[in-house]
Amino acid sequence: MAEAVAYSLTDGVATITLNRPDRLNALNDEMYAGILAAFDQTDADDGVRAVIVTGAGRAFCAGADLGAGARTFDYGDRVGDPEDHRDRGGLLVLRIFRSLKPVIAAINGPAVGVGLSMTLPMDVRIMADSARAGFVFAARGIVPDGAASWFLPRIVGVSQALEWCLTGRVFAAAEALAGGLVRTVCPVDEVIAVATRLAREIATNVAPVSAVLTRQLIWQMLGADHPMVAHRIDSRAIYETGQMADAAEGVAAFLEKRPANWTLAPSRDLPGWFPWRPEPPFAG
């Protein structure tokens, strides 16, 4: 794990902390690599049931590191392999999108640019009442990164997405809440506690394999053109999980009014057809 990213695991909840507080956790090469490695670790560890992402110090993430000045977004003449000009924010967002574990953003301070778009594939966002956020790309002469043009309107609606992206303004937590971007706004010293309570509720209540499949079903169906698409894969998933040990345990625990003892693990017990919808190639 890169020094720019801290990692801890407690009671089934992994916490990934962006750890460049002197730069307001602005993303550089080391941090990109560290976050990708952290999600590889959470996927591989069956002891991880939910993930929290937060920032060290007073910021969540100030976006791209602007240390290169006016040439920050000038990557030179890359006209060969399309892979050479892939947006790094998009690579990061797609990795979080593929996460096998539920992900909660604990936005403890400013989150702008890629520092905000990286939270869009996370499943829930908790935000400090003192934090501010902004999709500032057009105000920097570029366009939204991290596949935000796909995620943002699905989360907040087309009109709100366009307003935030076309004004490029930095807005307060209250506006983020009113616009549907975040679930909860609370004092900054409560952000991690609120996120942790939710993460532990996930870790305690649901079967690990069910959580993996449910997360991907809901995200993937955003692109389906008819509910029949969902019905087909739901039917297949219910048929297979219904024959597994955790389905019997879940019903027995409910009837006996006791906590469930889940025994299946994502590393070995996911259905053979998962993932049913592989990621498309970048060059297509």
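**Exercise 1.** Is phenylalanine 274 buried or exposed?

*Solution.* This is a predicted model, in which local features need pLDDT of at least 70, side-chain atom pairs count only at pLDDT 80 or more, and totals for chains, interfaces and linings use all residues. Residues are numbered from 1 along each chain as its sequence is written, and side-chain values use heavy atoms, with hydrogens and water left out. Buried means under 20% relative accessible area, exposed over 50%, and partly exposed in between (1.4 Å probe, protein chains only). Phenylalanine 274 has a relative accessible area of 16% and is buried.

**Exercise 2.** Classify the aromatic pair of tryptophan 150 and phenylalanine 151.

*Solution.* Rings of Phe, Tyr and Trp (its six-membered ring) pair if their centres lie within 6.5 Å; planes under 30 degrees apart count as stacked, over 60 as edge-to-face and the rest as tilted. The count by this rule is nine aromatic pairs. For tryptophan 150 and phenylalanine 151 the values are 4.9 Å centre to centre and 80° between the planes, an edge-to-face pair. For phenylalanine 274 and tryptophan 276 the centres are 6.2 Å apart and the planes at 55°, so that pair is tilted.

**Exercise 3.** Which residues of helix H10 are buried?

*Solution.* Helices (H or I, at least four residues) and strands (E, at least two) are DSSP runs, numbered from the N terminus. In H10 (residues 245–255) the buried residues are Asp246, Glu249 and Ala253. Down the axis of H10 they fall within an arc of 60°, so they line one face of the helix; the arc is that of the directions from the helix axis to the C-beta atoms. On the other side of H10, Ala248, Phe254 and Leu255 are exposed.
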